[in-house]
Amino acid sequence: MASAVTNLDLHDIARAARTYGVRSFHVITPLDDQRELAEKIVRHWTCGPGGEHNPQRREALELIRVTPSLDETRAIIAGESGQPPAIVATCARRYPNAIKFVELAERLRAGNPHLVIFGTAWGLSQELIEASDAILEPIGDHQGYNHLSVRSAAAIALDRLMTSLP
């Protein structure tokens, strides 16, 4: 199962990631046409006229890496950091074993690589959530409604994580 990559998600998540000092933002999709679209958008803003027109946007979108699978993404991060990242799933549903933002911030402080995964459309698959090293607590569940856009969820999560660091 896969969903569409959107221009707004790429821009907004990359800008939030750059603002909070994230090393890279990986867009994972098995769909060839969606990878091609994401790569075209990234090229426009990093090597094309968009980057010349808006250098700050270029700086943010340079964080984006587009890959076809979680395994390839893990291999890239492992190659750069010398060890595979811990996989942290996000979900709007509550899990009894979910970790709090403060706990994940403490793990990040230790310096080991982590890959926090956000889903779009219907979210991450149950298999991926269960296979993750950790599940992050949901952002909110106010009055029974919890359906943020991925770009909003990523921005809130980044803020909570990075403002919990010393």
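Which residue of strand 5 does V88 stand opposite? In this predicted model, V88 stands opposite A134 of strand 5, and that pair is a handy place to begin. Local features rest on pLDDT of at least 70, side-chain atom pairs count only at pLDDT 80 or more, and totals for chains, interfaces and linings use all residues of the predicted model. Residues are numbered from 1 along each chain as its sequence is written, and side-chain values use heavy atoms, with hydrogens and water left out.

Strand 3 (residues 86–90) pairs with strand 5 in the parallel sense over 3 bridges; two strands pair if DSSP finds at least two bridges between them. Helices (H or I, at least four residues) and strands (E, at least two) are DSSP runs, numbered from the N terminus. The open sheet holds 3 strands in the order 4-3-5, with parallel pairing. Its edges are strand 4 (114–117) and strand 5 (134–136), each of which pairs on one side only. On average, neighbouring strands of the sheet are turned by 30 degrees against each other, direction ignored. Axes here are lines fitted to C-alpha atoms, for helices over the stretch in contact, and angles run from 0 to 180 degrees between N-to-C directions.

Two helices meet these strands. Helix 5 (residues 70–81) lies across strand 3 and strand 4, running at about 150 degrees to strand 4. Helix 6 packs on the sheet and touches strand 3, strand 4 and strand 5, its direction making about 150 degrees with that of strand 4. Contact means heavy atoms within 4.5 Å. For helix 5, the 12 residues should span 16 Å at 1.5 Å a residue, and the end C-alpha atoms are 16 Å apart, which agrees; the expected span is 1.5 Å times one less than the number of residues. Just after helix 5, G82 takes a positive phi of about 90 degrees.

Next come the helix pairs. Two packed helices are described by the angle between their axes and the distance between the axes. The axes of helix 1 (residues 7–19) and helix 8 (residues 150–163) come within 9 Å and cross at roughly 5 degrees, which makes the two helices roughly parallel. Angles under 35 degrees count as roughly parallel, over 145 as roughly antiparallel, 65 to 115 as roughly perpendicular and the rest as oblique. Helix 1 contributes L8, D9, D12, I13, A16 and A17 to this contact, and helix 8 contributes V150, R151, A154, A155 and L158. These residues divide into 8 nonpolar, no polar and 3 charged. Ala, Val, Leu, Ile, Met, Phe, Trp, Tyr, Cys and Pro count as nonpolar, Asp, Glu, Lys and Arg as charged, and the others, Gly among them, as polar.

Helix 8 also meets helix 6 (residues 101–109), with axes that come within 8 Å and cross at roughly 65 degrees. F101, L104, A105 and L108 of helix 6 make the contact with A157, R160 and L161 of helix 8.

Helix 1, in turn, packs with helix 2 (residues 32–46) at an angle of about 50 degrees, their axes 10 Å apart, and the two are therefore oblique to each other.
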